[in-house]
Amino acid sequence: MASSAYANLHAINGSFQTHFISHSFNHLKTSLSLTVKPLLKELEKFPLINVDVSKNMKNASGKLLDALMNSMFQFVDQPLLPSQENFAPVEEIGDLVEVICTEGEIPADFSEGVFIRNGNNPLFGGLKSAVSIFGQSNQTWVDGEGMLHAVYFKKDPNGSWIVSYKNRYVETETFKLEKQMHNKPCFLPVLEGDASAVLAAQLLNALRFGTVNKYFSNTNVFEHSGRVYSITEDHLPQEVDISTLETLSDWDVDGAWDRPFTSHPKKAPGSGELVMMGTAAKKPYYVLGVISADGKKLHKADLKFKRSVLSHDIGVTQKYNVIIDHPLTMDIKRLVMGGPLMKYEKEGYARIGVMPRYGNAESVKWFEVQTNCTFHILNCFEEDNEVVVVRGCRALTSLIPGPDERVGNFGNKFEWFSKGFNFAHHDDSAADDDAGTGYFFARVYEWRLNMVSGEVEEEKNLTGTEFAMEFPFINERYTGLKHKYGYTQVIDSVASSNSGLGKFGALAKLYLDDQSHSTPSGDQEERCSDQQWIKVEYHKFEENNFCSGSVFVPRHGGIEEDDGWIVTFVHNENTHVTQVHVIDAMKFQSEPIVKITLPQRVPYGFHGTFVSMLN
C-alpha cells in the first residue's frame with residue numbers, strides 16, 4: 001500500500017573510497033562472484049545519510065561519470081495502462097486557486113485549516129526503468145518525487161468560507177540536483193530488478209552523487225511543535241511552509257539525528273513528545289527516537305536488531321513505545337549473491353516490542369506473534385495496567401517491492417499484482433503467492449500483550465473476509481489511548497485487480513467495542529467458527545470513484561470521539577475530475593455534506609493530515 005502502503009527503500013547512503021572508482025563495470029558483470037567480499041566491505045563503509053549531495057557531485061569527476069552512465073544505461077518509460085491513468089503525474093498548478101463547493105455547504109463549526117496529502121509524482125513523465133548490460137532495474141509503484149496537494153479552509157471577516165487549492169513538489173536535495181543540473185533522469189533505480197543491475201545502479205549513484213538512492217519524500221505529512229514536515233523513511237523529513245508549500249530545509253533535530261526517519265511518527269498522549277524511529281540496511285538496523293514537545297531535545301536508543309527490516313510504522317501508549325518487527329527484510333549480502341535487495345521472508349519470524357518511553361534495547365519486552373506483514377498501526381493503548389493492546393491492518397504477505405522474479409513467480413509483474421488484489425475467493429490460505437489469488441488481503445487485527453506474564457494473551461482478526469482494509473486512521477486526540485472507533489480505506493478488489501494497483505472504493509467505520517457481528521461472507525472455516533467480528537459501517541463512493549489521503553477532522557468543542565468529519569480526495573475515473581468530500585463521521589453512511597471540485601486532477605497518493613489553524 002503508503003500506502004497501499006505505502007513505504008519506501010531504506011538504502012545505504014554515502015561515498016565510496018577513491019580506489020573503488022577504478023573498478024570497471026564490465027569487470028563487475030563478468031566477475032561478480034570474485035568481487036563479493038571487497039564489494040560488501042565497501043558498501044558497509046557508507047554513512048547512513050549524507051545530506052550535502054550537491055557538494056559530493058562537485059567534488060566527483062562528474063563529466064567522466066556522466067559519460068559512463070550515458071553510454072551504458074538507457075532510461076525507458078514504464079507502460080501505463082488506461083486503468084492506471086490517475087497514477088500518472090501532474091504539473092504544478094502555480095499560484096493558489098480559489099475553488100467553490102459543488103454540492104452542499106461547509107459547516108460553520110468546521111475547523112479552519114489545511115487538508116494536505118502527499119503522494120508520488122514522478123519527474124520526467126512517469127516511472128522509469130534503466131536498461132544496461134547488467135540487466136534492468138526498475139522504479140516501483142512507491143517511487144517518484146513527492147508532491148503535496150493542499151486544500152485551504154479559511155473564513156473571511158463575514159464568516160463565509162473561502163476554499164483554495166495548491167500543489168507543489170517537495171524539493172529534496174536530489175530533486176534539486178536532477179531538476180536544476182540535468183533536467184532529465186539521472187538516478188538509476190535501486191529497489192527492484194536484476195541483482196547485477198541493482199548493484200551497478202547503487203555503485204554508480206554513489207559515485208556520481210554521494211548517495212545510493214533518491215530522496216523522494218512522498219509518503220506522509222506530519223506536524224510537530226508548530227511546524228509541518230514531508231517525509232519518506234529513506235531520509236530526513238523536509239520542513240514545509242504550509243502557506244506556500246515551499247520546501248525549507250531538512251530536519252535533523254539540530255544535528256542530533258543522522259539517519260532515516262519513519263513515515264509515521266506518533267505524538268505521545270499527554271506529553272506531546274514525538275516518537276519515531278529510523279531503519280537502515282546496515283547496523284544499527286533500528287534506532288528509536290523520542291523528540292521533546294518543543295522539538296529541541298532527543299533521546300535515542302539502538303534496539304540492536306539482528307536483521308534489517310522495512311518497518312513502516314510505530315505505536316505509542318501513555319507509557320510505552322510499540323515496535324513492529326516483521327520479516328520484510330533488506331539484505332545487501334543477498335543482493336551481492338544475486339538475490340533481491342528487499343524480500344518478504346514468509347518463513348521468517350515476527351514480533352512486537354513494548355518499550356518504556358525512554359528505555360533502551362534491554363528494556364524492550366518482546367512478544368512473538370504469528371508471521372505477518374503489518375505496514376500500518378490503527379492505534380495502541382494500555383488496559384488495566386497490565387495489557388497493551390495493538391491494532392493494525394495485517395496481511396500475510398507484502399506487496400513491496402514486487403514479485404521475486406528470480407524464482408519465477410509468474411514472471412509478469414502486472415499479473416502478480418493483479419492476482420494479489422483478486423479477493424473473489426479469498427481465504428487466509430492464500431498467503432502463499434506461489435499459487436492462488438488474493439494474497440494482499442489485509443484485515444484489521446488485534447494483539448493483546450500481557451506485560452506481567454510476558455505472553456501474547458490473544459491475537460485475532462477484528463474484521464471478516466468481505467472487504468480488505470488498509471490506510472487506517474483515527475481521531476488523533478485518541479492516539480495512544482483507549483478508543484471506540486477507527487476508520488480505514490476499503491480496497492476495491494475488481495478495480496485494483498484490473499489495474500494491478502490499489503484503488504479504494506469505500507471507507508469503513510469500525511465500532512471497536514461492538515464485537516457481536518458474524519461475517520456475511522468468507523471462507524468455510526470462519527463461517528463454521530464462533531468468531532464474532534466488530535460492527536463495520538461503509539461509506540461507498542459512486543462506481544469508478546476512488547479515494548486517497550483520508551483523515552479525521554474533529555469538531556471544535558466536540559465531546560464524542562466520532563464527533564467530526566472524514567475528509568478525503570475522491571477521483572472520478574469517468575469524468576477525470578477530482579473532488580474533496582467532507583463526510584459527517586456520525587452519519588457515516590449518508591451522502592457527503594460537501595463536495596468540492598478541484599481545478600485539476602489529483603493523482604492517487606498516500607497519507608495526509610489536517611493542520612488546524614485553531615491549534
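This briefing looks at salt bridges in the structure above. The model is predicted, so local features need pLDDT of at least 70 and side-chain atom pairs count only at pLDDT 80 or more, while totals for chains, interfaces and linings use all residues. Residues are numbered from 1 along each chain as its sequence is written, and side-chain values use heavy atoms, with hydrogens and water left out. Side chains of opposite charge can pair when their charged atoms come close. The structure holds 28 salt bridges (a side-chain nitrogen of Lys or Arg within 4 Å of a carboxyl oxygen of Asp or Glu).

**A link between two strands**
- Lysine 595 forms a salt bridge with glutamate 103, and their closest N and O atoms are 4.0 Å apart.
- Lysine 595 sits in strand β36 (residues 594–597) and glutamate 103 in strand β3 (residues 101–104), so the pair ties together parts 492 residues apart in sequence. Strands here are DSSP runs (E, at least two residues) and helices are runs of H or I (at least four), numbered from the N terminus.
- Lysine 595 is buried at 8% relative accessible area, whereas glutamate 103 is partly exposed at 41%. Buried means under 20%, exposed over 50%, and partly exposed in between (1.4 Å probe, protein chains only).

**A pair within one helix**
- Lysine 176 and glutamate 173 meet in a salt bridge (3.5 Å, N to O).
- Both belong to helix α6 (residues 173–182), where being 3 residues apart separates them by about one helical turn.

**Another pair, and a network**
- Lysine 535 forms a salt bridge with glutamate 537, at 4.0 Å between the closest N and O atoms.
- Salt bridges that share partners join Glu383, Arg391, Glu446, Arg448, Glu457 and Lys482 into one network.
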